[in-house]
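Q: Can you walk me through the inside of this protein? Keep it short, please.

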Amino acid sequence: MAIPAPPGARETPGPAGRPVRELAPGLVADWHARGGELVDLLALVRERLGGVGAFRPAPGLPPTVLVTDPDAVRHVLAHHPDRYVKRSHRARVLVGDGVLSATGDAWQRQRRLLQSQFTGRGMRRYEARITAAARVTAARWETYARTGEVFDLGAELRRFALDTIWRALTSTPLDPATESELGSVAGVVAALPSLPADRIAAQAAVAADIARIDAVAERAVRAARDSDPGPEGPGLLHVLVDASATRPEYTDRLIRDELVTLLMAGHETTATTLTWLYLLLDRHPQAREHALAAGPDGSPERREAVQALVHETLRLYPSAWILPRHATEPDTLAGHALPAGTDLLVCPYLVHRDPALWPSPETFDPTRFTTPGRRPAHPGAHLPFGLGPRACLGLQFALRESVTLLEHLLPGPVPRFLSVPHKTAYGLTVRPDGPTPAVLRVRH
């Protein structure tokens with residue numbers, strides 16, 4: 001027998017078994033009338049229907065299923081990734097057929113090549129480059145502290161993250177001209193949520209930015225073909241160029257798409273996470289002091305405490321806040337029957353704010369990640385970079401660069417914000433919606 005729908009909900013029949021409950025159309029209409037954010041509608045679905053619930057984004061459209069139950073999250077992302085697939089990606093207009101948007105056999109081949117670069121020995125190759133970028137940033141901050149210069153903290157952290165991934169890609173530091181041209185990447189990412197649904201119209205809307213990015217990519221690929229790896233070993237771009245000698249699918253276009261994918265994913269999410277972290281530390285200065293008091297500089301204890309700052313920030317503002325999937329065949333999900341063709345949204349942002357999993361979920365508390373028993377043991381309860389085979393390739397890289405930068409900056413002067421954003425933008429990432437002007441003051 002189907003479970004009775006709660007007030008404000010109605011049933012959506014599945015092929016067999018227990019139906020997925022659906023949010024009442026009137027509640028969706030009210031959300032539309034208020035001009036609410038998608039996250040508000042998803043929070044309402046979870047509140048009314050629990051960890052697996054459906055809603056119709058607009059009248060006449062089939063229902064979309066929201067998944068926030070940790071068992072169901074793991075079922076979709078980790079246990080049955082071939083049954084729940086990515087059909088497209090909003091960033092395809094920017095990244096083309098790069099690993100982020102690729103599907104099927106092509107995705108498997110591309111991921112296999114890149115996977116080795118972000119684990120074990122591959123990661124060790126990039127540690128010196130990450131440290132070099134962090135030292136450059138720390139030196140710049142010393143100048144800001146000495147002169148009292150006002151700077152935008154979010155822009156400064158994007159600069160660090162872009163320098164880091166550029167060094168990893170090309171084995172060279174980021175020069176000012178390239179930095180200026182690659183500002184177009186952030187411009188396209190910010191525009192993605194408002195681009196036309198039609199791909200040709202979307203490409204036309206950002207054509208000038210894409211042309212600047214393509215010009216940078218073309219020069220970088222040509223330089224990688226014409227030069228030997230530096231003393232620190234080959235960059236990621238050299239790996240891609242070398243692959244083209246034995247793998248015909250690695251055309252100049254696919255190398256360009258992978259380069260832009262790594263540029264976008266390799267700096268935008270890290271910079272956003274670090275910006276949120278500094279905004280949180282501004283409200284919770286004791287968290288900074290707790291991390292620095294955990295142990296001396298370079299000690300495992302301090303590194304663990306700094307990592308906890310990053311993990312707790314990612315809990316509140318996950319890099320992948322929403323993960324669309326498409327059911328290719330009928331399935332039973334957490335006791336609910338799903339027909340083939342169902343669209344799903346897995347929402348780490350809401351999973352991480354579930355009070356049943358995370359007590360006082362809105363509170364910034366890094367000790368969740370240093371105190372035994374404070375964080376949920378369920379693997380589906382914490383997934384800031386996704387879960388399963390399609391989890392973010394650069395997870396270890398992002399964590400390493402974030403912790404390395406913080407180890408250089410936290411003991412020094414503290415940013416004092418002259419103003420802070422009062423809104424959150426839910427686009428490709430969850431980011432502060434506005435500038436973050438700051439000056440540096442001596443830490444007491």
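A: First, a term. A nonpolar core is a set of buried Ala, Val, Leu, Ile, Met, Phe, Trp, Tyr and Cys residues joined through side-chain atoms within 4.5 Å. Buried means under 20% relative accessible area, exposed over 50%, partly exposed in between (1.4 Å probe, protein chains only). This is a predicted model: local features need pLDDT of at least 70, side-chain atom pairs need 80 or more, and totals for chains, interfaces and linings use all residues. Residues are numbered from 1 along each chain as its sequence is written, and side-chain values use heavy atoms, without hydrogens or water.

Q: Which residues touch the most other members of the largest nonpolar core?
A: L23, L42, W141, Y278 and W321 do, in a core of 61 residues. Helix α13 (residues 252–283) gives the largest share, eight residues. Helices are DSSP runs of H or I, at least four residues, numbered from the N terminus.

Q: What does L42 touch?
A: Among others, F55, L66, W321 and L345, not counting residues up to four places away in sequence.

Q: And L41, buried or exposed?
A: L41 counts as buried because its relative accessibility is 1%. L41 lies in helix α2 (residues 38–49). Beyond neighbours within four places in sequence, L41 is in contact (heavy atoms within 4.5 Å) with L23, V28, W31 and F55.

Q: New topic. How many aromatic pairs are there?
A: There are 10. Rings of Phe, Tyr and Trp (its six-membered ring) pair if their centres lie within 6.5 Å; planes under 30 degrees apart count as stacked, over 60 as edge-to-face and the rest as tilted.

Q: Why is the pair of Y144 and F151 stacked?
A: Their ring centres are 4.6 Å apart and their planes are at 15°, so the pair is stacked. Y144 and F151 are both buried.

Conventions
Helices (H or I, at least four residues) and strands (E, at least two) are DSSP runs, numbered from the N terminus.
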